[in-house]
Amino acid sequence: MMEEKNNELTPTFFRDIVESSSDAIIVTDTMGKVIYWNPSAESIYGYHAEEAMSRTTLELIATGDSVRYGEEIIAALAKGQQWAGEYS
């Protein structure tokens, strides 16, 4: 990992962590549209970041019951409620 001056936790430091993670890290807006898709998400789900951008996670990776659960999460976020967790 890169060395930071004075041990500062800079945006570059965090970007490097997210980019090098072996876990898929996906960030969406409140309507579920992808605004960030890391390299591991590309490997795991088979979509390049450019393909995933502006599509919803429901379109890209949801199946079965996770579609309904995802719709509930998006509806809650659209109402201004918060959600955090693992979506699978």
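Predicted model: local features only at pLDDT ≥ 70, side-chain atom pairs only at ≥ 80, totals over all residues.

Colleague: Okay, how many salt bridges does the structure hold?
Modeller: Three.

Colleague: Which residue does Arg 68 meet in a salt bridge?
Modeller: Glu 72, with N to O at 2.6 Å.

Colleague: And how far apart are Arg 68 and Glu 72 in helix H5?
Modeller: They're four residues apart in H5, which covers residues 65–78, so about one helical turn separates them.

Colleague: Switching topic: what does Asp 16 pair with?
Modeller: Arg 15. Their side chains form a salt bridge, 3.2 Å from N to O.

Colleague: Is Asp 16 buried or exposed?
Modeller: Buried, because its relative accessibility is 19% and the cut-off for buried is under 20%. Arg 15, on the other hand, comes out as partly exposed at 46%.

Colleague: Which residue does Glu 59 form a salt bridge with?
Modeller: Arg 55. The closest N and O atoms there are 3.9 Å apart.

Colleague: Why does 3.9 Å still count as a salt bridge?
Modeller: Because the definition asks for a side-chain nitrogen of Lys or Arg within 4 Å of a carboxyl oxygen of Asp or Glu, and this pair's closest N and O atoms are at 3.9 Å.

Colleague: And how accessible are those two?
Modeller: Glu 59 has a relative accessible area of 48%, so partly exposed. Arg 55 is at 28%, which also counts as partly exposed.

Methods:
Residues numbered from 1 in each chain as written. Heavy atoms only, no water. Buried < 20%, exposed > 50% of the residue type's maximum accessible area, 1.4 Å probe, protein only. Helix = DSSP H or I, 4+ residues; strand = E, 2+ residues; numbered from the N terminus.
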